[in-house]
Amino acid sequence: MRQTNAWVALAMFAGAWVVAPAQAQRASRPNIVYIVADDLGWKDVGFHGSDIKTPNIDKLAEGGARLEQFYAQPLCTPSRAALMTGRYPFRYGLQTGVILAGQKYGLPTDEWLLPQALKDGGYRTAIVGKWHLGHADRKYWPRQRGFDYQYGAVLGEIDYFTHAEHGVTDWYRNNQKVMEKGYVTELLGADAVKLINGHDPKVPLFLYLTFTAPHAPYQAPQAYLDRYKEIEDPTRRAYAAMITCMDDQIGKVLGALEKRGMRDNTLVLFMSDNGGNLSSLFAGEMDVSKIKLPSDNGPYRGGKGMLYEGGTRVAALANWPGHIKPGDVAGMMHMVDMFPTLAGVAGVPLGKGKPLDGLNVWPAISEGQPSPRTEVVYNVEPFRAAVRQNNWKLIWRTPLPAALELYNLADDPSEKNNVAAQHPETVIALQQRIGALATEMAKPMFLVEAFATIKARPSAPPALPNEEAFFDQEP
């Protein structure tokens, strides 16, 4: 009997030893506030030397990790899909174009998304802002993809004052259309603050705060325009005002976290969904052909929609007081890495999803350790692809006339010197890698739907982007 009791006591002690750390880990899981700007130029933040005022973003950068080789996809829908899935968009057909208002497809429902994983792990999940991963069928909407709460737009582009695209209001809360007045950026900030104020701090929160700013149309309240009277170009003035307004709202969100006593246990990430736009081809569904586009991608070539660094290397940071070592983080990271990284921080298993392309880069973010990532797949499409391995980057365009561009990004981050002719063995090796990836590529749904439309209505104009979009044409 004594022996039995001894074993029971030992088992109880062992059980307590095992459970206690698990309970402690569960209790200490951070809130996650993931902030995404839309079409923000790499240099259009104060911590990259801009004259645009972003004091709240800059404070996050000063006290956190500045992710100086962070990559997104060259366009909006693919980047957001990469974040949600942890998988490159070429694997499920979202690698080409963005989902336009008249299109019917969306992020495939057999993909397991980050909010679903976090929700299963006990997080309350909320999206405040832009979705752009499918709108024609409710099965694609955020509430059906793991978010407990939704507020904002499901399309990719809306008027900042009317909340409409093509005259149709695109403004929802929990799948119900909302008719209200206000400037989009301020409405999103206010809703995020309200959400935090009403949140139970005992429950970990995942807030995906995804601004439409500073995507076209370039509109801002007069009070913000007045802050930039010294900028002569009206488009650049509005663009700067939009960014500062977004920064103010980020400051209010951080203040709400402080007020609720949640800030010290909140991981805040900020980044753009792609590089700043420099081409009217990629401005969305409004005509910007008669204005000078305002983005500044600093030293990097090209912009949104292009495979050059200016289209894919984005302003990014991570901040968590006491958990992230402040400073520049030079290692390569990609949007797909955020799924396994955040799941790891949250203690959430990854078993339900398909094989991930993302890597857990938390030691690199939090401690400045070397990134485990040695390759970045910029994109794989039927007509172009790009891949980076270590410092070598190959851009390969296959429509005639075909083109190969090879850059050593350590020596030439601005991609000024194509050295393909001098390094044929490196070109061949990277072509072989792209060829292998292409065998795993799903057909781009943008093109499938566009060609189906043409076939059904042969007299209609092609529902395709300008052909120059296939060739990374620069302004």
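## Strand S4 and its partners

Strands S4 and S5 (residues 149-152) pair in the parallel sense through three bridges; two strands count as paired if DSSP finds at least two bridges between them. Ile127 stands opposite Gln150 in S5. Strands (E, at least two residues) and helices (H or I, at least four) are DSSP runs, numbered from the N terminus.

S4 (residues 124-129) also runs parallel to strand S10 (residues 205-210), to which six bridges join it. Here Gly129 is opposite Thr210. Five of the six residues of S4 are buried, and the strand is mostly covered. Buried means under 20% relative accessible area, exposed over 50% and partly exposed in between, with a 1.4 Å probe and protein chains only.

## Basis of the model

The model is predicted: local features need pLDDT of at least 70, side-chain atom pairs count only at pLDDT 80 or more, and totals for chains, interfaces and linings use all residues. Residues are numbered from 1 along each chain as its sequence is written, and side-chain values use heavy atoms, with hydrogens and water left out.

## Nonpolar cores

A nonpolar core is a set of buried Ala, Val, Leu, Ile, Met, Phe, Trp, Tyr and Cys residues joined through side-chain atoms within 4.5 Å. The largest has 67 residues, of which Tyr34, Phe70, Met84, Phe206, Tyr208, Leu269 and Ile365 touch the most other members. Helix H9 (residues 338-346) gives this core its largest share, six residues. A second, separate core of 60 residues includes Ile57, Tyr224, Leu225 and Cys245.

Leaving out residues up to four places away in sequence, Tyr34 touches, among others, Phe70, Phe206, Tyr208, Leu269 and Met338. Contact means heavy atoms within 4.5 Å.

## Helices H5 and H7

The axes of helix H5 (residues 184-197) and helix H7 (residues 234-259) come within 9 Å and cross at roughly 5°. Axes are lines fitted to C-alpha atoms, for helices over the stretch in contact, and angles run from 0 to 180 degrees between N-to-C directions. H5 and H7 are therefore roughly parallel, a term for angles under 35 degrees.

Residues making the contact include Ala190, Val193 and Ile196 of H5 and Met246, Val253 and Leu257 of H7.

## Trp42

Trp42 lies in the loop between strand S1 (31-37) and helix H2 (55-62). Trp42 is buried, with a relative accessible area of 10%. Beyond its neighbours within four places in sequence, its contacts include His48, Glu68, Pro299, Tyr300 and Arg313. Trp42 and Glu68 are 26 residues apart in sequence and 9.9 Å apart in space, C-alpha to C-alpha.

Terms used
Angles under 35 degrees count as roughly parallel, over 145 as roughly antiparallel, 65 to 115 as roughly perpendicular and the rest as oblique.
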